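Visitor: I would like to learn how to read salt bridges and a nonpolar core in a model.
Guide: Let us look at the model together and take these topics in turn.

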Amino acid sequence: MPISRTLPTPLSQRVSPSVLRVTVAEWVVMRELYEHVSVKPSAIADGLGMTRGAISKLADRLEAKSLVARTADTTDRRYQELALTGAGRALVPELSALADRNDNEFFGHLTSADRAGLQRILQDVVRQRGLRTVPIDTLSRIDTVSDVRQ
């Protein structure tokens, strides 16, 4: 199991149950929505390098959890937009804090220079491999997602 998918037991015991019911893939979508009032699913898919079908399925799951709402586009009702609900918007900072704590658990012992070097190396691997998609196991629970595609 990759280190980035590991959630230390002590940390997992400190988070609320609402956080643990969100998958990493769902969090990635929520984080993207957090930056906007509402967004077309196709724009999310393009921005994250995911398929539109994957975004649709994730939106269905988030909507079922009352974390995302769909609204019809005001100019053309065939198109939808996604927006975080109040509960979804409130949960994103908690998820981000969890990711930060998890990163600190694993990488807190590294110096700033070592962290910067590790990030540079990972970004180089992503570039060399031509990766555009977000490597996410949609069945795993929230632990951490490091965006190395800068």
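This is a predicted model: local features need pLDDT of at least 70, side-chain atom pairs count only at pLDDT 80 or more; totals for chains, interfaces and linings use all residues.

Visitor: How many salt bridges does a search of the whole structure find?
Guide: Side chains of opposite charge can pair when their charged atoms come close. In this structure, the search finds 6 salt bridges. One of them joins Lys-65 to Glu-26, with the closest N and O atoms 2.8 Å apart. Because Lys-65 lies in the loop between α5 and β1 (68–72) while Glu-26 belongs to helix α3, this pair ties together parts that are 39 residues apart in sequence.

Visitor: Is Glu-26 buried or exposed?
Guide: Glu-26 is buried, at a relative accessible area of 1%, whereas Lys-65, at 22%, counts as partly exposed. Salt bridges with shared partners also join Glu-26, Lys-65 and Arg-61 into one network.

Visitor: Which parts does the pair of Lys-40 and Glu-81 tie together?
Guide: The closest N and O atoms of Lys-40 and Glu-81 are 3.4 Å apart. Lys-40 sits in the loop between α3 and α4 and Glu-81 in strand β2, so the pair ties together parts that are 41 residues apart in sequence.

Visitor: Turning to the core, which residues have the most contacts inside the largest nonpolar core?
Guide: That core has 25 residues, and those with the most contacts inside it are Met-30, Leu-33 and Ile-55. Its largest share, 7 residues, comes from α3. Beyond its neighbours within four places in sequence, Leu-33 is in contact with several residues, including Val-39, Ile-44, Val-68 and Leu-82.

Technical notes. Residues are numbered from 1 along each chain as its sequence is written. Side-chain values use heavy atoms; hydrogens and water are left out. A nonpolar core is a set of buried Ala, Val, Leu, Ile, Met, Phe, Trp, Tyr and Cys residues joined through side-chain atoms within 4.5 Å. Buried means under 20% relative accessible area, exposed over 50%, partly exposed in between (1.4 Å probe, protein chains only). Helices (H or I, at least four residues) and strands (E, at least two) are DSSP runs, numbered from the N terminus. Contact means heavy atoms within 4.5 Å. A salt bridge is a side-chain nitrogen of Lys or Arg within 4 Å of a carboxyl oxygen of Asp or Glu.
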